[in-house]
Amino acid sequence: AHELGIVHRDLKPENMFLSRQSSDEGGGLLLKVLDFGIAKFHKKPGPAKGTTPGMIIGTMQYMAPEQLEGAEADPRVDVYALGLILVEMLTGQLPWGEGKEPSLGQFTLRLVKPPTPLSKLRPEQAFSPELVKLVEDMLALDPSLRPANGGELFHRLRYLPEAPAALRPDGGDRASSSAIQRFP
């Protein structure tokens, strides 16, 4: 969607669906993003249909700080939401405390304070430094420090030690220098 200039603006677990591909498609799992009802073309000037400049739209628990401030949305708001979903998948909670319903004060803190790191949310779990860095980048308060879009995010996910071998360009062989040359 990002390659087509579309920003979802409401990524959350409820808008993601895991389905199994048919056997002639490989039989693997496929993640589908649903509900593009408030999506917009970020390359198109002016407000999206049904919105006005400064309007806050989306699910607050998964909004990027700039969305909470009513700023223009670009693909990095989706990257931020995916970072929150990833933290929730890895730790069972969102990075500002227990439960899914943060207080107004917690929303305000999200504008100025980085989220709680993975190591503090799950101290008993050993996350790779690469995964920790990716999550930190996805949840950076400054959008310019986040991966620019889903394509860049996917590229970085492929190189995580936790990534399934089928996802990696080197087929899981970290020693393969040709993979590094093909994917600089």
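What covers the buried residues of α5? The cover includes α2, α4 (118-121) and α6, where helices are DSSP runs (H or I, at least four residues) and strands likewise (E, at least two), numbered from the N terminus.

The model is predicted, so local features need pLDDT of at least 70 and side-chain atom pairs pLDDT 80 or more, whereas totals for chains, interfaces and linings use all residues. Residues are numbered from 1 along each chain as its sequence is written, and side-chain values use heavy atoms, with hydrogens and water left out.

Select α5 (129-138). Leu131, Leu134, Val135, Asp137 and Met138 are buried there (under 20% relative accessible area, 1.4 Å probe, protein chains only). Viewed down the axis of α5, these residues fall within an arc of 160°, so they line one face of the helix; the arc is that of the directions from the helix axis to the C-beta atoms.

Next, select Arg146, in the loop between α5 and α6. Arg146 is buried, with a relative accessible area of 4%. A polar atom of the Arg146 side chain lies 3.2 Å from the backbone oxygen of Arg76, and one lies 2.9 Å from the backbone oxygen of Ala140. Residues that Arg146 touches (heavy atoms within 4.5 Å) include Asp137, Met138 and Tyr80.

Of its 33 residues, Met16, Leu31, Leu82, Phe154 and Leu157 lie nearest the centre. The largest share, six residues, comes from α2.

Conventions: On a 1 Å grid over the protein atoms alone, a cavity is a set of points where a 1.4 Å probe fits but cannot get out, and a pocket is an open set with protein on both sides within 12 Å along at least five of seven lines; lining residues have an atom within 4 Å of a point. Buried means under 20% relative accessible area, exposed over 50%, partly exposed in between (1.4 Å probe, protein chains only). A polar contact is a pair of N or O atoms within 3.5 Å; within protein, one must be able to donate a hydrogen and the other to accept it, and residues adjacent in sequence count only if both atoms are side-chain atoms. Lists of a residue's contacts leave out its neighbours within four places in sequence.
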